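Biologist: Hi! I'm new to this one, could you walk me through it?
Modeller: Happy to, here it comes.

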Amino acid sequence: MKKLIKKRVIIPVFALVFIVVGSSFKSDFFEIAKQIEIFTTLFKELNMNYVDETNPAELMDTAIKSMLEGLDPYTRFLNEQDVEAYKISNAGEYSGIGAIVRAYDDKLVIVEPYKGNPADKAGLKAGDEIIKIGEIDVKDFKDNATELLKGANNTSVTVTYNRQGETKTTSITREAIEVDAVPYYKMVNEKTGYIVLAKFNKKASEQTKAALIDLKNKGAQKIILDLRGNPGGLLSEAINVTNLFVPKGELIVTTKSKVKKFNSEYKTKNAPVDTEIPLVVLVNGSSASASEIVSGGLQDLDRAVVIGARSFGKGLVQRPLKLTYGTQLKVTISRYYTPSGRCIQSLDYWNRDAAGNAVKTTDIHDFKTRNGRKVQDGGGVLPDVEIAALKTNTLTTALLRENAIFNYATQFYYKNSVPDVANFEFTDAHFEAFKTYIKSSGFTFETATEKALNKAMTLNDTDLLDTQVQEKYRELLAEINIKKITGLDKSKKEIKKQLEDEIITRYFYSQGLYDYFLTHDEAILTATELLNDAAKYKSILK
């Protein structure tokens with residue numbers, strides 16, 4: 001019954017907040033005032049008269065979050081804890097246990113302990129499931145339980161966790177944690193430097209600049225900038241990172257909004273480090289937002305060759321707006337456009353399919369780079385040189401989303417001895433073992449075709465579709481399910497890449513993975529080969 005009441009509350013709240021967030025506050029003042037009055041009256045009467053005790057805070061929280069789900073996924077209500085986490089993410093500094101943690105309803109899972117940090121020192125490993133923090137059971141904690149792991153420097157927290165079916169307890173002493181924007185950089189060979197830019201926090205341009213200068217001092221005459229897996233961050237830092245390679249006064253991004261004050265042109269403001277050094281930028285399907293501003297800008301200006309797989313396609317800009325009681329609304333205020341004029345937004349959140357899912361943009365336009373090369377909008381940044389192993393499809397995306405690759409890597413770690421990293425390869429025998437694991441793990445996902453067929457079978461068409469036709473539907477669904485498993489072989493190259501990366505990280509942390517990349521990663525090897533061929537490099541840009 002309470003769930004029903006919550007749904008009823010959502011309707012007027014949606015109407016109210018959507019209007020308030022928009023730019024039409026002044027022109028639609030009467031409508032806003034009307035909706036505020038309706039909602040205030042409804043909320044008061046509901047809480048005063050409902051048959052059971054209500055929790056006004058929970059009702060409001062549910063109403064706001066459900067309402068925002070109808071917009072894009074980046075427009076979010078931030079409570080006080082969320083605001084603090086947002087600040088930490090951008091600052092790159094906090095006090096805690098030093099690990100990437102994934103939250104579930106009943107547990108927290110260690111995704112990666114940072115080498116040498118408190119969680120690592122306490123013996124926690126990727127795949128460990130934290131079930132209790134101090135005397136608090138994670139499953140009974142309504143808020144984000146990861147907040148319980150944070151605290152003042154030199155304070156201790158006891159955690160109880162499950163590892164491979166065994167319950168363990170350890171004490172962790174919190175420390176000041178610094179999250180580097182550039183976790184790794186090194187010379188690939190005598191003349192080529194490699195920089196990993198993992199996120200665009202406040203340290204991004206400063207650390208990228210320091211790495212670039214250091215590599216140049218070590219003899220680097222060519223640079224590979226790796227933005228793979230970088231989810232983005234601060235717009236200003238994206239401009240400043242691009243500025244390292246292009247002159248002062250260069251237009252990098254234009255933002256356009258229905259609110260005039262959010263319409264802006266962002267140009268580089270500083271003296272560059274090097275505008276001539278040959279540059280390759282690596283991207284993949286997890287390179288988003290600020291990563292796409294940098295890669296798209298450098299591509300449009302013909303300043304770098306982009307290698308990898310099509311980027312995520314996030315062409316939207318958010319800004320935190322302060323609300324009352326320490327809360328904020330992180331709201332999408334504009335779209336951004338690269339120097340050529342393209343918006344690389346991939347999903348259309350304002351036109352959805354029958355299931356309510358955002359649809360891919362189909363209205364694609366051609367644009368020209370500074371040298372006249374054709375580029376397109378509407379679907380992320382398409383690399384100049386594509387790497388097949390970095391591409392994703394429905395199956396690989398599902399394997400990652402459902403943590404099938406993560407969970408298998410955990411199993412692999414505890415069943416196998418430390419590999420020789422220099423010669424490690426996920427062999428065909430390993431892949432067959434992975435397929436066996438998938439078949440027995442209960443892994444499943446529904447393809448778009450299956451969704452359509454299942455929907456068709458639930459429609460009231462029995463007068464048209466006899467039992468024979470319906471049986472053929474079921475046979476087709478069964479065949480699709482079989483094909484999904486055989487699809488593992490078709491996506492073998494992409495899946496092996498994901499498994500190798502995850503397994504290497506388990507044994508040797510991210511540092512070891514980047515070392516492994518220098519001699520094994522196809523994208524880096526391709527980039528190095530291209531940079532060694534000056535004529536081919538120039539021909540791509542012209």
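Biologist: Which residues does Leu399 touch, not counting residues up to four places away in sequence?
Modeller: Leu399 touches Ala404, Ile405, Phe434, Ile438, Phe443, Leu488 and Ile495. A touch, or contact, means heavy atoms within 4.5 Å. Keep in mind that this is a predicted model, where local features need pLDDT of at least 70 and side-chain atom pairs count only at pLDDT 80 or more, while totals for chains, interfaces and linings use all residues. Residues are numbered from 1 along each chain as its sequence is written, and side-chain values use heavy atoms, with hydrogens and water left out.

Biologist: Okay! And which residues have the most contacts inside the largest nonpolar core?
Modeller: Leu399 and Phe434, in a core of 95 residues. A nonpolar core is a set of buried Ala, Val, Leu, Ile, Met, Phe, Trp, Tyr and Cys residues joined through side-chain atoms within 4.5 Å. Buried means under 20% relative accessible area, exposed means over 50%, and partly exposed is in between, with a 1.4 Å probe and protein chains only.

Biologist: Which helix gives the most to this core?
Modeller: H14, with 10 residues. Helices (H or I, at least four residues) and strands (E, at least two) are DSSP runs, numbered from the N terminus. Apart from this core lies another one, of 16 residues, with Ile97, Ala99, Leu124 and Val159 among them.

Biologist: Switching to rings: how many aromatic pairs does a search of the whole structure find?
Modeller: The search finds 16 of them. Rings of Phe, Tyr and Trp (its six-membered ring) pair if their centres lie within 6.5 Å; planes under 30 degrees apart count as stacked, over 60 as edge-to-face and the rest as tilted. One of the pairs is Phe412 with Phe424: their centres are 6.5 Å apart and their planes at 80 degrees, so these rings are edge-to-face.

Biologist: Where do Phe412 and Phe424 lie?
Modeller: Phe412 is in helix H10 (residues 404-415), and Phe424 is in the loop between H10 and helix H11 (428-441), so the pair ties together parts 12 residues apart in sequence. Phe412 counts as buried at 6% relative accessibility, and Phe424 is buried too, with a relative accessible area of 7%. Both belong to one aromatic cluster, together with Tyr408, Phe426, Phe431, Phe434 and Tyr437.

Biologist: What about Tyr514 and Phe517, are they buried or exposed?
Modeller: Both are buried. They lie in helix H14 (residues 492-520), three residues apart, about one turn of the helix.

Biologist: Which charged end sits over the ring of Phe406?
Modeller: That of Arg506, 4.4 Å from the ring centre. Lys107 likewise lies over the face of Tyr104, at 5.5 Å from the ring centre. For this, NZ of Lys or CZ of Arg must be within 6 Å of the ring centre and within 35 degrees of the ring normal.

Biologist: Let's talk helices. Which residues of H2 are buried?
Modeller: Ile32, Gln35, Phe39, Phe43 and Leu46 are the buried ones. Seen down the axis of H2, the buried residues fall within an arc of 75 degrees, so they line one face of the helix. The arc is that of the directions from the helix axis to the C-beta atoms. On the other side of H2, Phe29, Phe30, Glu37, Met48 and Asn49 are exposed.

Biologist: And how far does H2 reach from its first C-alpha to its last?
Modeller: H2 (residues 29-49) has 21 residues and reaches 30 Å, close to the 30 Å expected at 1.5 Å a residue. The expected span is 1.5 Å times one less than the number of residues.

Biologist: Now H6, what covers its buried residues?
Modeller: The cover includes strand S10 (184-187), strand S11 (192-196), strand S12 (222-226) and helix H7 (235-243). The buried residues of H6 are Ala204, Ser205, Gln207, Thr208, Ala211, Leu212 and Leu215. They cover an arc of only 165 degrees around the axis, which puts them on the same side of H6. Glu206 and Asn217, on the other side of H6, are exposed.

Biologist: What follows H6?
Modeller: Gly219 does, and its phi is positive, near 110 degrees.

Biologist: Last one: where is Gly96?
Modeller: Gly96 lies in strand S2 (residues 93-96), and is buried with a relative accessible area of 1%. Leaving aside neighbours within four places in sequence, Gly96 is in contact with Pro118, Leu149, Lys150, Gly151, Arg174, Glu175 and Ile177.
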